[in-house]
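This briefing is meant for a reader meeting this structure for the first time.

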Amino acid sequence: MTHPKAQTAAFRTGGRLALLALVCAALQVGSIRAEQPGMRITPNFKEADISQIIEAVSTATGRNIIIDPRVRAQVTLLSDKPMTPDQFYQAFLAILQVHGFVAVPSGNVLKILPDANMRQVPGNDLPAHVSATSDELVTQVLTVKSVSAAQLVPVLRPLIPQNGQLSQVVGTNLLIISDRANNVNRIMRIIARIDQASGSDIEVIPLQSATAADTVRVLNALVTQGGEGGANVKLVADDRSNSVLLGGDPSARLRIRTLIANLDTPLDTGGETTVRYLHYAKAEDLASKLKEQITSSGQGSSSTPNRGPNQAAVQPAPTNAASAASFSLAGGTGSIWADKDTNALVITAPQRTMRAINAVIDKLDIRRAMVRVQAIIAEVSVDKTSDLGVNWIVDGSNSKLAVGGFIEPIGGASAIDLYGAIKGTSTNLAAATGTNIGIGRLSATGVNFGAIVRALQGDSRTNIISKPDIIARDNDEAKIEVGQEVPFVTGQYTGSTGTTSAFQTVQRQQVGTILTVTPQVNGGGDSILLKIQLESSSLQGTSFADSQQVTNKRTISTAVQIPDGETLVLGGLIQDRTTNSEQRVPFLGRIPILGELFRTRDTGKSKTNLMVFIQPHIIPDDGSAIIETNSKYEYIREEQRKINHESTVLPLQPFQKIEPLPPLNQPAPKAPAPPAAAPAGSATTKPAATPADPNAHPDASAPAADSGKSP
């Protein structure tokens, strides 16, 4: 019902209030009573359509309002106190919140939408002040200083309505909140209460006798079981400095500090003894190195100091110890000695020193990589020689003629040797090689003469490839020698009659291939520094009886850096030599055709190509070592199979065969299981055992064992 008194009052206010009163009177759904001074409004609506209230708000505030078609509701608003237009607008926002709508300002236009879209529409973004009583839509960005924003999101999310927004900016400590102003204000107050720096500092408590990790473990178990005050204190162990980091409430920290002081006390024995078995390092070497490292880092000397309450007694090393080392530190004294039989270190020291020693041992007692080094010595040589000449002699002494001739040995033989061979007084002609044509006359009377024509051409080609192969451990020297001990005569004594007998002094020297290498794998494990000494020697001849033996020797000593698996040339020799000699009689030797009777010629040409290559390959683990071993083992077995295929039996011994190598890592045969007891009245038949043929192809007899790979 419309009250006439309200209409009269509305007209007296004039302007917007008069229009608002007329609207209410025309609709007859409620009333708005305006009173002066200050243009106050007393709205009263009961079961009115929300669009009517929106029209009244537009009239009272002077705003243009756009209503979403989905905005539908019956609203009741009762008030017994007058309101200002701004208060009336805040009451309108509360009505929208109750009915699930939201007012979104856009310039001078106000849009009324369902609050399901409140996340996507702009509101009062980043205001300087967020009202604690307003229901307007607000978006605020908050910076969290003392706590983690990610930890606050699950705590505050239940306080935000479903259509509101609360999220953390990834990578920063920022929170984004989008909701109605009064709730955003509440969230901001909660965050301000939580986001406060702790009043307690972090204490660092160094330990002298106890271990930080064990101490923290014991204290955490005590705090967890005790319950009270456990959430107000936090303990962290720093193994590097053997310290306990303590944080939390000051009163709780005081109690924890007392417990730490009681736990950090030395043992009654003053120290502990540990036996540390080594896997890869040598105990004797490591004991001396640890002594140097610990003594240089400690204070005092290894003499007998005054024993304090926190010092360990010096333990004497046993008499059968391979090496012993005593040391002195600020925290106490102790000893280290190595047991050679078990490759172990026996350490007696305080806990703090014991941890330092074990940390060093952990770094040193590691498996070092191995390196396979293969050297390739390739030599190709060609020698060509040519000899041509004529020797002659005339003996006319029996006929009173002159004696003369041209005598020049060719290839070790001359006309004199021919004459001696005919008379049986010389055998040197038998050593001559090539084509030898001789003619002559030998008689007691008359003129004797002799002539020899010799022609020789020789070609020699040599192709020698040596491949010494060796495996060495990282930073350890390895050496392989393949050759012969050749005797060389260094002196002789003929002796005299009736006194000392004749004798010779002989010195034996190594002739062959000698490879000495020290590999060092770099930190990245992709290249190797090699210190190499390579010697390859051989005899010029083949007989060891000759005291004038000549040895060909090739030596390389160098240090190179080679990538893993690559090949590098170390050095070599390329030599080309030509010789040409001629022996002749002056003037006569230059006469054409006839001069051939008065000269001999020798020519020679030799060419040598020698190269040395090196190829390292890192073997990082046991699996790689097994692969390398299997490949070489199977290579030898394959060579044996070829021999067996070509000749299955030994000559003159038809019942003997060549025994091949067994398959690598073949499992030992298992003993046959005892036969089960046969039932009474039944017979059991035992199959005949088939003997294994050791010469059978492993692929046919045991294919699994002959796979060439380790099981």
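Predicted model: local features only at pLDDT ≥ 70, side-chain atom pairs only at ≥ 80, totals over all residues.

In soluble globular proteins, nonpolar side chains tend to be buried together.

- When its neighbours within four places in sequence are left aside, Leu96 is in contact with Ile50, Phe101, Val102, Ala103 and Ile112.

**The three-stranded sheet**

- Three strands in the order β3-β6-β5 form an open sheet with mixed pairing, and its edge strands are β3 (64–67) and β5, each of which pairs on one side only.
- On average, and with direction ignored, neighbouring strands of this sheet are turned by 25° against each other.
- β5 and β6 run antiparallel and are joined by 6 bridges, with Pro105 having Leu110 in β6 as its bridge partner.
- These two strands, β5 and β6, form a hairpin that has 2 residues between them, and Gly107 in the turn has a positive phi of about 70°.
- The pairing of β3 with β6 is in the parallel sense and extends over 4 bridges, while Ile65 stands opposite Leu110 in β6.

**Helices on the sheet**

- α3 lies across β3, β5 and β6, and the helix runs at about 160° to β3.
- α4 also packs on the sheet, where the helix touches β5 and β6, and the direction of α4 makes about 130° with that of β5.

- Within helix α5 (residues 149–156), the buried residues include Ala149, Leu152, Val153 and Leu156.
- Seen down the axis of α5, the buried residues fall within an arc of 110°, and they therefore line one face of the helix.
- The face of α5 that is turned away from this buried side carries Gln151, Pro154 and Val155, which are exposed.
- The buried residues of α5 are covered by elements that include β9 (165–168), β10 (174–180) and α6 (181–194).

Note on methods
Residues numbered from 1 in each chain as written. Heavy atoms only, no water. Contact = heavy atoms within 4.5 Å. Buried < 20%, exposed > 50% of the residue type's maximum accessible area, 1.4 Å probe, protein only. Arc of directions from axis to C-beta. Pairing = 2+ DSSP bridges. Axes fitted to C-alpha atoms, helices over the stretch in contact; angles between N-to-C directions.
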